[in-house]
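This briefing covers the core, the chain interface, and selected residues and salt bridges. The structure comes first.

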Amino acid sequence: MTDAQPSYLVSFGGDDSGSPPLRLPEGSKLCEELDINNSPLLFGCRTGICGTCLVRVEAGEVPPADADEQEMLEVYAPNSGLRLACQLSVRSDMRLSRPKAGS
Amino acid sequence: MSLPVGAAGNELKAQASTEGKIELNFRRNKKQDHTALLDQAAAEFRYEDCRDEYWNPPEFSLLYGSPLWQEASDSQRVILNQLYWVAYYSQIISAEIATIFFNQTSAAGLYGMENFRGICDMLDLESSQERAHIAAFKKVAEETEEALFGERIFTYPMRGPYAETMILGHSHAIKRFWKAIQLKAFALLSSGNAFIATQYFLVRGIRTLNGKIVQHKLSQYYQQHPDKENAPIPSKISTYHFMDESHHFNSSTIISHDVVKALKPPTRFERLISNMAVRGCQRDHFHFSQIVQGIFWFDPMGFAQIERILCSSVFDMKTAEARDIMRRCFTEDNEGLQRAATIHHEALESYRAYVADIDFLSAANKDMQLMAGSDLQGYLARNRRAFRRYQGR
């Protein structure tokens, strides 16, 4: 990351609010910058098919889910407002939280 | 998979969701199936066409970050990068041979219950994909080793599913014999027991999760290549494989985390088998490897292969010189070792997260305690002992 390259803070809420936030380059994909070593997020397939990385975007700009992600969410997390973190890129400061089991 | 009569509301919702997940995964996998592309890539591969190129990101090279890497020339680094591909996918071949077999035994165990056809059809597709993966990996790996060395280094003749999966694991003849018996016993049990069948997928899910950590980075080399049309074929194969495996990881998770809940709670014996399987996976993934970071080989089992590479025309070292650099790589702390430890830690934490909600696993397995006992000092101590024995040969 150069000084001139925009970057944003990705932080974690809910039960993971103790995890340190990370500054990531604008446009970077969460699944390429985050892993279990530097965040509370577990990524599985990283291609939007397994649902392992479901998150709630508590704050931040994210585009609407495309048709493929929408179809996944209807099966894996209907009416939940959750997103697949592996399909998200950094466009602003963000705060993410993991859904509680059973929610 | 239809719903049992009289199930409560939450269970109905959960099982409908599981049906939906299986249907979606199978449909998407059929749609994106990379078998034809893999077969084409394998047919078109010629080592000469990509002999001067990296096939993976540079950090995925044999002994990356070690003194060997630091001192290698640019052309030698290219070869170390290509050999990472060869070694890595030689390991994956072994795993996929086993997968083809255990997919079928587990499918038999599940099909013996009502309404599991969807899972079996899904696994049939996955098994056929594994055969395409293996064929592509073999073609590239064997041609590369023939071109560079005129002999096998990491590749091996085709073998059956009862061979120990870790090709350079910490093993010997008695361990291999015992492992073969265990695998045969598991095949017998899983083909006649739906719960135990699902537990194959818990282990497969753990192993595939580790695979995804590395494979998504290997696939990025092609996905971010400035000239995709002319990208080296091995990098294309990495991407095609990665895409198929996304669905395999997903099916592992669906079966081991969701389908299992549709079965009766496990008996004590069934829980024992499950815990033995997970512990076995931890044992296989105990070591961290500098030779192939991301595959948890026991590096001393690879000393002979490394020496052959160093004494070949690629590095053109005499035995004493080769062994000196091996000593510095394997028995002294270095950047490569630190990186291997970091990758191992990522796998460990990922596995813990993956099994966190599996109630019938023991605390020791949920916490991956055996695997967590692996550390840098232990790595160096074991290697120093092994290297002294190796030098005495």
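How many residues of chain B are in contact with chain A? Contact, meaning heavy atoms within 4.5 Å, joins 27 residues of chain B to 20 residues of chain A. This is a predicted model, in which local features need pLDDT of at least 70 and side-chain atom pairs count only at pLDDT 80 or more, while totals for chains, interfaces and linings use all residues. Residues are numbered from 1 along each chain as its sequence is written, chains are lettered from A and ligands numbered from 1 in the order in which they are written, and side-chain values use heavy atoms, with hydrogens and water left out.

**Interface of chains A and B**

- The two chains bury about 1,900 Å² between them, 58% of it on carbon and sulfur atoms; buried area is the accessible area (1.4 Å probe) that two parts lose on being put together, summed over both.
- On the side of chain B, B:L24, B:R28 and B:E346 lose the most area to chain A, together 25% of what that side buries.
- The rule finds three salt bridges across the interface, a salt bridge being a side-chain nitrogen of Lys or Arg within 4 Å of a carboxyl oxygen of Asp or Glu.
- In the salt bridge of A:D68 with B:R28, the closest N and O atoms are 3.9 Å apart.
- In chain B, the elements that give two or more residues to the side touching chain A are α1 (9–32), α7 (194–223), α8 (233–258) and α12 (335–355); helices (H or I, at least four residues) and strands (E, at least two) are DSSP runs, numbered from the N terminus.
- A salt-bridge network links A:D68, A:E71, B:E23, B:R27 and B:R28.

**Nonpolar core**

- The largest nonpolar core has 147 residues, and those with the most contacts inside it are A:L30, B:L62, B:F154, B:W297 and B:I306.
- Helix α4 (residues 74–111) of chain B gives the most to this core, with 17 residues.
- Such a core is a set of buried Ala, Val, Leu, Ile, Met, Phe, Trp, Tyr and Cys residues joined through side-chain atoms within 4.5 Å; buried means under 20% relative accessible area, exposed over 50%, partly exposed in between (1.4 Å probe, protein chains only).
- Leaving aside neighbours within four places in sequence, A:L30 is in contact with A:V10, A:L24, A:F43, A:A85, A:L88, A:V90, A:M94 and A:L96.

**Two individual residues**

- B:H287 sits in the loop between α9 (268–284) and α10 (303–310) of chain B and is buried, with a relative accessible area of 11%.
- Beyond four places in sequence, the contacts of B:H287 include B:H170, B:W297 and B:R382.
- A:R98 lies in the segment after β5 (94–97) of chain A and is partly exposed, at 42% relative accessible area.
- The side chains of A:R98 and A:D16 are joined by a polar contact of 2.7 Å; a polar contact is a pair of N or O atoms within 3.5 Å, where within protein one must be able to donate a hydrogen and the other to accept it, and residues adjacent in sequence count only if both atoms are side-chain atoms.

**Salt bridges within chain B**

- Over all chains the count comes to 25 salt bridges.
- B:K179 and B:D284 meet in a salt bridge (3.7 Å, N to O).
- This pair links helix α6 (residues 173–191) to helix α9 of chain B, 105 residues apart, and both B:K179 and B:D284 are buried.
- B:E143 and B:K139 form a salt bridge at 3.4 Å between the closest N and O atoms; the two are about one helical turn apart because they lie four residues from each other in helix α5 (residues 117–149) of chain B.
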